[in-house]
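Here are a few notes from my read-through, meant to be read with the model open beside you.

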Amino acid sequence: MPSFGAADEAEMATRGCGPLIPPLSESMRPLRQQVFERVRASGLIPRVQVAKDLGVSPASVTTITSELIEAGLIEEVSAPRDPELGRGRPAVALGVRAQAHMVAGMKMSDREHSAVIVDFAGNLLANEVVPRRPGPMPLPEMLDAMALLLDRVCDNAGIARSALSGVGVGLPGFVDQAEGVVLWSSTLTERAVPLADAAQARLGLPVSIDNDANLVALAELWFGAGRSLADFAVVTFEHGVGMGFVMNHKIYRGSQRLGMELGHTKVQLDGALCRCGQRGCLEAYVADYALAREATTALNWGHREGQSISVLLESLYDHAQAGDATARSIFRRAGRYLAVGLANVVNLFDPALIILSGERLKFDYLYAAETLAEMDNLVINTGRPRPPIEIHAWGDLLWAHGAAALALSAVTERILMAPREIAAQ
Ligand SMILES: [Zn+2]
């Protein structure tokens with residue numbers, strides 16, 4: 001037992017003990033929001049079940065759901081009758097009123113921009129993909145690209161931009177989600193760009209932004225394999241290597257929203273040069289530019305002006321499949337570094353699942369049996385199995401769907417945290 005002096009003890013009595021959680025913080029959301037989120041997550045759910053799940057009285061659930069129905073956010077739906085309950089009133093369940101709001105999700109990337117529109121229940125209404133010239137762009141050009149993409153996806157949905165309640169935007173790099181600032185991104189020429197405010201002014205809609213890897217994790221949390229998991233990791237492979245980490249059913253961001261930069265954890269002292277300017281980052285061994293760098297050197301391929309990295313990597317992959325030893329060794333080396341990175345994630349966080357995501361995963365050498373065996377050697381040996389690894393090689397629309405989930409969260413928060421008279425409008 002640590003011993004305290006008498007003065008310390010007196011001070012403790014006035015200070016209290018235990019974590020100082022501000023009231024109505026993120027971990028203690030208002031009941032109204034909890035009820036809404038329960039209904040949204042369930043699809044269709046009877047009132048009595050909401051009360052049971054949240055451990056509150058049916059009367060308070062009835063009051064809150066009446067308010068939410070009046071505000072047009074949820075609705076009563078006749079549910080299929082449970083045959084065991086016999087006759088009586090038709091069963092009524094609650095569901096989100098899908099047409100209450102629509103939001104857009106957009107992913108601005110190095111190769112192309114993609115967007116989706118979803119309704120309030122998360123159903124996909126329209127999508128659009130616009131190719132782009134690779135390379136960083138100044139902010140005005142980025143805003144033009146966003147406006148063009150948004151108008152095109154709205155056209156596809158047959159709606160005006162003004163019909164949307166919000167926009168979520170994901171992009172690679174260091175993004176402060178809460179402040180809406182992009183500290184650095186490979187898609188922007190400037191640093192410390194207040195992108196959320198600039199986009200909001202340009203698009204005339206509320207805009208939330210986030211790191212694109214977080215949005216893939218959000219997509220898995222809202223729509224995919226992560227819905228029922230408290231703790232899981234999503235590692236993304238694209239132009240860079242990213243990670244989104246869900247802790248206790250929420251995206252973990254860190255105190256300055258800069259955490260979980262797996263791609264820039266060091267795997268080699270004084271190692272290969274990374275885009276971030278430092279040396280030995282995981283990304284500098286595993287990302288597509290790292291593979292391309294090796295390919296141009298080892299296979300003696302001169303850099304051809306205008307040749308895209310994708311074409312170069314496809315070619316490298318074809319060589320590996322045809323049995324070319326050098327091409328194979330390039331993928332194998334990247335796979336070994338990937339094993340180091342993934343083992344570090346397991347040893348630090350002990351996630352229930354690791355999802356590898358991104359189009360680059362069609363290069364299956366990256367996660368070949370050898371990579372996983374290497375990883376097993378690097379995970380601490382406890383006699384317990386390491387977490388399963390799933391490959392989700394979905395394209396950019398999944399990322400855009402995550403951006404839509406971000407926009408839905410923001411819209412919901414705005415409505416449900418607002419004073420009641422506003423919510424009821
Ligand atoms: Zn780096």
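1. Let's start with the metal. The zinc ion is held by His-264 through ND1 and by the SG atoms of Cys-274, Cys-276 and Cys-281, at 2.0 to 2.3 Å. Keep in mind that this is a predicted model.

2. What is the arrangement of the four donor atoms around the zinc ion? Their angles run from 105 to 119 degrees, so the arrangement is tetrahedral. If you want to find the donors in the sequence, look for the spacing H-x9-C-x1-C-x4-C.

3. Now to the helices. H3 (residues 47–54) packs on H4 (residues 58–70) at about 120 degrees, and their axes are 9 Å apart. That angle makes the two oblique to each other, and the crossing is right-handed.

4. Who touches whom here? H3 brings Arg-47, Val-50 and Ala-51, while H4 brings Pro-58, Val-61, Thr-62, Thr-65 and Ile-69. Sorted by class, that gives five nonpolar residues, two polar and one charged.

5. The other pair is H5 (residues 139–157) with H6 (residues 195–203), packed at about 50 degrees with axes 10 Å apart. H5 and H6 are therefore oblique too, and H5 passes H6 in a right-handed crossing.

6. On the H5 side, the contact uses Leu-139, Met-142, Leu-143, Asp-144, Met-146, Ala-147 and Leu-150. H6 answers with Leu-195, Ala-198, Ala-199, Arg-202 and Leu-203. The contact of H5 with H6 has ten nonpolar residues, no polar ones and two charged.

Note on methods. Residues are numbered from 1 along each chain as its sequence is written. This is a predicted model: local features need pLDDT of at least 70, side-chain atom pairs count only at pLDDT 80 or more; totals for chains, interfaces and linings use all residues. Side-chain values use heavy atoms; hydrogens and water are left out. Axes are lines fitted to C-alpha atoms, for helices over the stretch in contact, and angles run from 0 to 180 degrees between N-to-C directions. Helices (H or I, at least four residues) and strands (E, at least two) are DSSP runs, numbered from the N terminus. Angles under 35 degrees count as roughly parallel, over 145 as roughly antiparallel, 65 to 115 as roughly perpendicular and the rest as oblique. A crossing is left-handed if the near helix is turned anticlockwise from the far one by less than a right angle, and right-handed if clockwise. Contact means heavy atoms within 4.5 Å. Ala, Val, Leu, Ile, Met, Phe, Trp, Tyr, Cys and Pro count as nonpolar, Asp, Glu, Lys and Arg as charged, and the others, Gly among them, as polar. Donors are N, O and S atoms within 2.8 Å of the metal (3.2 Å for Na, K and Ca); water is not among the atoms, so sites may look incomplete. Four donors count as tetrahedral if all angles lie between 85 and 135 degrees; four count as square planar and six as octahedral if opposite donors are over 155 degrees apart and all others between 65 and 115; anything else is irregular.
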